[in-house]
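Biologist: Please take me through one part of this model closely, and then show me how that part sits in the rest of the chain. I would like the cut-offs spelled out as you go.

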Amino acid sequence: MSDAEWALVRDLLSVPGWLAGRGGRPEGYCHRQMIDAVRYLVDNGIKWRAMPSDFPPWPRVYAFFARWRDTGLVAELHDRLRGAVRGAEGRDQEPSAAIVDSQSVKADAVALTSRGFDAGKKINGRRRHLLTDTLGLLLAVLVTPASTTGRDAARILLSAAKNRFGRLARIWADGGYTGHLTDWAAAQLGIVLDIVRRSDQVSGFQVLPRRWVVERSFAWCLRSRRLVRDYERRTDTSEAVMLWSVTTLMSRRLAARQRLAPTVAA
């Protein structure tokens, strides 16, 4: 991280228990070192044991990653950064509209119980289900076997999102989410599921209203080499890696915005 990024991220971190007087053992490495090490792993797609010597020992970095995954600290940091980005764009911190889609990726060294075969894409691996706001920022992520349909996963994803974002009222999706999900979302969650269909008369690539936003979010995540395939044994680890990838994107965006602000003002 640059100094500008760290200044932003540091203010959004939760205060450790030992520092706030709640007890516990003081940490041996500063958060900036640990966050940099995790970001390096996600961005470059290395093995944990291949962590460069400039960073703390890999077992300590992995312990930090696992602790933040299990206690929800990475999700908390991600949500605070998302709120900061939305605020900088003049948006309300809580979205009222979203886009949902899924992506199947191959999986390596993954247990058979947590992967499946996507017959449509001919991929044996896992499927990432994303719910993004209209800026393309993550609202929720769910990793399942590739054999899980988008409609089945959307029930879990939308229920969790509605509990967190009370203003959420409209969601755009592709033709794979048609059927019972539309009626269920309206009756159970009070959400309008708007299906954006692709014209059968157009061949080749076609930019579809709203749907392109979540496709761009998938492209952002695939810039992180750790996400090109799914290398994680646990699905919650895969979800945490997705959050770290988008966290890096948002902190860089905020730092760049602050750097350009004085120039624009002048």
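Modeller: Let's start where H31, M34, I35, A37 and V38 of α2 meet R60, V61, F64, F65 and W68 of α3, a contact being heavy atoms within 4.5 Å. Before going on, please note that this is a predicted model, in which local features need pLDDT of at least 70 and side-chain atom pairs count only at pLDDT 80 or more, while totals for chains, interfaces and linings use all residues. Residues are numbered from 1 along each chain as its sequence is written, and side-chain values use heavy atoms, with hydrogens and water left out.

The residues of this α2–α3 contact divide into eight nonpolar, one polar and one charged. Here Ala, Val, Leu, Ile, Met, Phe, Trp, Tyr, Cys and Pro count as nonpolar, Asp, Glu, Lys and Arg as charged, and the others, Gly among them, as polar.

Two packed helices are described by the angle between their axes and the distance between the axes. For α2 and α3 (residues 58-71), the angle is about 90° and the axes are 10 Å apart; axes are lines fitted to C-alpha atoms, for helices over the stretch in contact, and angles run from 0 to 180 degrees between N-to-C directions. The two helices are therefore roughly perpendicular to each other, a label for angles of 65 to 115 degrees.

α2 (residues 31-44) also packs with α1 (residues 3-12), at an angle of about 110° and with the axes 12 Å apart. That makes this pair roughly perpendicular too. D3, E5, W6 and V9 of α1 make the contact with H31, R32, I35 and R39 of α2. By class, these residues are three nonpolar, one polar and four charged.

Now for a residue much further along the sequence. L227 lies in the loop between α7 (211-222) and α8 (235-265), yet its C-alpha atom is separated by 9.7 Å from that of N44, 183 residues away along the chain. L227 is buried, with a relative accessible area of 3%, where buried means under 20% (1.4 Å probe, protein chains only). Leaving aside neighbours within four places in sequence, L227 touches R128, C221, L222, V241, M242 and S245.

Stepping back, the chain has eight helices and six strands, which are DSSP runs numbered from the N terminus (helices H or I, at least four residues; strands E, at least two). Buried residues make up 45% of its 266 residues. Among contacts between residues at least 6 apart in sequence, 63% join residues at least 24 apart.

Methods
Angles under 35 degrees count as roughly parallel, over 145 as roughly antiparallel, 65 to 115 as roughly perpendicular and the rest as oblique. Buried means under 20% relative accessible area, exposed over 50%, partly exposed in between (1.4 Å probe, protein chains only).
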